[in-house]
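Please open the structure in the viewer and keep the sequence at hand.

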Amino acid sequence: MSAVSLDEDGVAAGTAEQLFGVRLPLAARYVDLLTEQGVLRGLIGPREVPRLWQRHILNSAVVAELIPTGATVVDVGSGAGLPGVPLALARPDLTVTLLEPMARRVGWLTDVVAELGIPVEVVRGRAEEPDVQRRLGGADVVTARAVAPLAKLAGWCLPLVRPGGQLVALKGESAGDELARDADLVRRAGGSELSVVSCGLEVLPVPTTVIVVRRDTARTRDDLRRTRKDR
Ligand SMILES: C[S@@+](CC[C@H](N)C(=O)[O-])C[C@H]1O[C@@H](n2cnc3c(N)ncnc32)[C@H](O)[C@@H]1O
């Protein structure tokens with residue numbers, strides 16, 4: 001299968017240049033790798049190949065507009081590398097870690113990072129595991145795309161975020177409904193300032209809808225429970 005070019009995917013080359021700058025050839029190489037091996041290795045469906053640029057690569061990269069300069073980012077459930085790899089390519093100032101539990105996907109991510117020559121760490125594990133939380137906790141931003149419903153995601157991911165940092169969950173059009181449904185549980189998990197944000201409004205035909213949750217600077221229920229036990 002050959003990779004689809006930017007214009008075949010209905011994307012203006014200027015948009016991709018704007019997002020990736022001098023690293024656009026690396027983004028194109030990532031598209032090639034997904035096209036050549038991603039389908040064979042069961043990471044993306046064959047129907048995704050013609051829309052890799054628009055629906056996956058650029059859709060992920062535009063989330064960079066929410067991430068502060070020099071932030072540490074943990075991409076939970078990175079799978080094929082989304083959104084972590086496009087974010088690392090669009091924003092070399094970020095320190096990106098890709099977290100993924102499945103060995104086969106960890107192998108793929110390790111190969112991709114080596115092939116692209118980008119300084120991204122790949123860690124095998126689940127977000128909610130104590131070892132993972134010890135190792136990766138304190139991130140400025142945790143991203144997740146298509147990993148779990150919001151309440152579950154907040155329970156897994158907020159402990160990885162430093163107080164005052166953000167969980168950035170890439171969601172579809174139903175983000176508003178999901179937020180309304182899960183808001184109480186997210187607050188109980190230590191989230192605050194919950195909002196739905198559109199990214200890439202000026203560059204993408206369909207912007208990326210994201211739920212942003214700040215980790216409360218006040219202590220979470222788990223912290224309080226731990227403190228009570230320690231007394
Ligand atoms: C549907 S895939 C999405 C992959 C990628 N984020 C994307 O958008 O293409 C969900 C990924 O989340 C991973 N995952 C599931 N539960 C997880 C957990 N508790 N912690 C970290 N990753 C998890 C799965 O192994 C899988 O690779």
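In which loop does Gly125 lie? Gly125 is found in the loop between strand E3 (121-124) and helix H6 (130-136); helices (H or I, at least four residues) and strands (E, at least two) are DSSP runs, numbered from the N terminus. The model is predicted, so local features need pLDDT of at least 70 and side-chain atom pairs count only at pLDDT 80 or more, while totals for chains, interfaces and linings use all residues. Residues are numbered from 1 along each chain as its sequence is written, and side-chain values use heavy atoms, with hydrogens and water left out.

Select Gly125. With 7% relative accessibility, Gly125 counts as buried (under 20% relative accessible area; exposed is over 50%, partly exposed in between; 1.4 Å probe, protein chains only). Leaving aside neighbours within four places in sequence, Gly125 is in contact (heavy atoms within 4.5 Å) with Leu99, Glu100, Pro101 and Val132.

Next, select helix H1 (residues 13-20), where Thr15, Ala16, Leu19 and Phe20 are buried. They lie on the same side of H1, because they cover an arc of only 110 degrees around the axis (the arc is that of the directions from the helix axis to the C-beta atoms). The cover over these buried residues includes H2, helix H3 (52-61) and helix H4 (84-90). Finally, select Gly21, which follows H1 and has a positive phi, near 55 degrees.
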